[in-house]
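Colleague: Please take a close look at the aromatic rings in this model. Which rings pair, and what do the pairs tie together?

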Amino acid sequence: MWDKKERDGLVFVVLVYAASRLFYLGAGTLFANLVPVGRFQRITADVPFGKMNLWSHWDGEHYVTLAASGYLQPPGNGSPAFFPFYPLLIRSFAELFGGPVSPEALSAWGPIVSLLALPFALFFVYRIAKNGWGERAARATVLTLALFPTSFFLNAAYTESLFLALTAGSLWALRVRRHLLLACLLAGLATATRNVGVFLLVPLTYEWLKNAREYRWRVAYLALAPSGLFAYAAYLWWRFGDPLLFYTEQSRWGREASGPVNTLYSALVRGGEGLVRLLSPSLWADPSLGRIADHLGAANNAYNLIFLGLAAALLVAGLKVLPPDLSAYSLLLILPPTLFGTSQGPLMGLPRYVLVAFPLFIVLGVLLRDRRLLGGWLILSAAFSLVLCALFVTWRFVA
């Protein structure tokens, strides 16, 4: 049985979850009805007031396509760059509860799956933070995560909620429950959700080395951690003859290995040029127009640069706050967009990648334990998140 403090912590997490999701779901619906919407959507066309489909934009389209017809199957030709576990869950929930398995229905089930995964993610993060840094830091951690500028992605048809639930669950099982087998099983599911789940091997191996006498032969469990990635690669080899198709397919969006120096230089140049456009009224014009699309791309580069600066600052501060394995894990999650960018969008996706690097939010929670500092941060963060939320639900690319 849980004691009163544990029950209070659970109630706190549930309240933060409910309040933050109502905040974004309500704001998203309002923005979708007030702001001009793009005319170039293909699968998840915007629908009347009150529907969940408006949260299935951009990458959400691809997950809906995969849930509907699988990889490289007409008419959608879903790309193998997107990993299978999340679309499998979307399809499974849709079939389990009946009704048509159509793109329209699946684009509603995607956000529902994300919303179901999120309370587990927040609870696991809360328990990890409380176990290592105390109750006040844990509560601040959950609040900063739930109201981060890109936290509206946690109720979108993206993998963020599910991936966060699996990765935080893995480290909760490891650090709080000291259950290496469960930790490695959850890590395996994380690597079937996103390839960067393989970075969990760093904290898992570190913890085993610290407690080798306790775990002993259980080191064999670590082989389960990358099992989702290996299983998916084996499937791609069997089906398409290329086990690395999830990587080579990135070229469809112009992603290529660029190196951190070149990416940083390009991000500074393009991000600096885009800073002046962040507050321009033309950002809210019809995004289908070519010149507005260029304007949006420039603004996107600017806030990518802002998020890079924030992530770098938290990584540095984390050297004093976090154990070395969690610092390394956070760095590895942030690193991919600095190594594989596009010519027009260096750091593409970085604002979302920061969202799942949850040890950085523990750093924020520790730094913002003072209520006044925390309150000021949450006001600014939530305000910025409303701007990005409005861009996302109206088909303006965010991350």
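Modeller: Trp-109 is buried, at 18% relative accessible area (buried is under 20%, exposed over 50%, partly exposed in between, with a 1.4 Å probe and protein chains only). This is a predicted model, where local features need pLDDT of at least 70, side-chain atom pairs count only at pLDDT 80 or more, and totals for chains, interfaces and linings use all residues. Residues are numbered from 1 along each chain as its sequence is written, and side-chain values use heavy atoms, without hydrogens and water.

Now the pairs. Rings of Phe, Tyr and Trp (its six-membered ring) pair if their centres lie within 6.5 Å; planes under 30 degrees apart are stacked, over 60 edge-to-face, the rest tilted. The count is 25 aromatic pairs. Phe-83 and Phe-246 make an edge-to-face pair, 5.3 Å centre to centre with 70° between the planes. Phe-83 sits in the loop between helix H2 (59-69) and helix H3 (85-96), and Phe-246 in helix H11 (residues 245-248), so this pair ties together parts 163 residues apart in sequence. Helices are DSSP runs (H or I, at least four residues), numbered from the N terminus. Both Phe-83 and Phe-246 are buried.

Trp-109 pairs with Phe-93. That pair is tilted: 6.1 Å centre to centre, 35° between the planes. Phe-93 lies in helix H3 and Trp-109 in helix H4 (residues 103-133), so the pair ties together parts 16 residues apart in sequence. Phe-93 is partly exposed, at 24% relative accessibility.

Ring pairs also link a cluster: Tyr-71, Phe-83, Tyr-232, Tyr-235, Trp-238 and Phe-246.

Notes:
Helix = DSSP H or I, 4+ residues; strand = E, 2+ residues; numbered from the N terminus.
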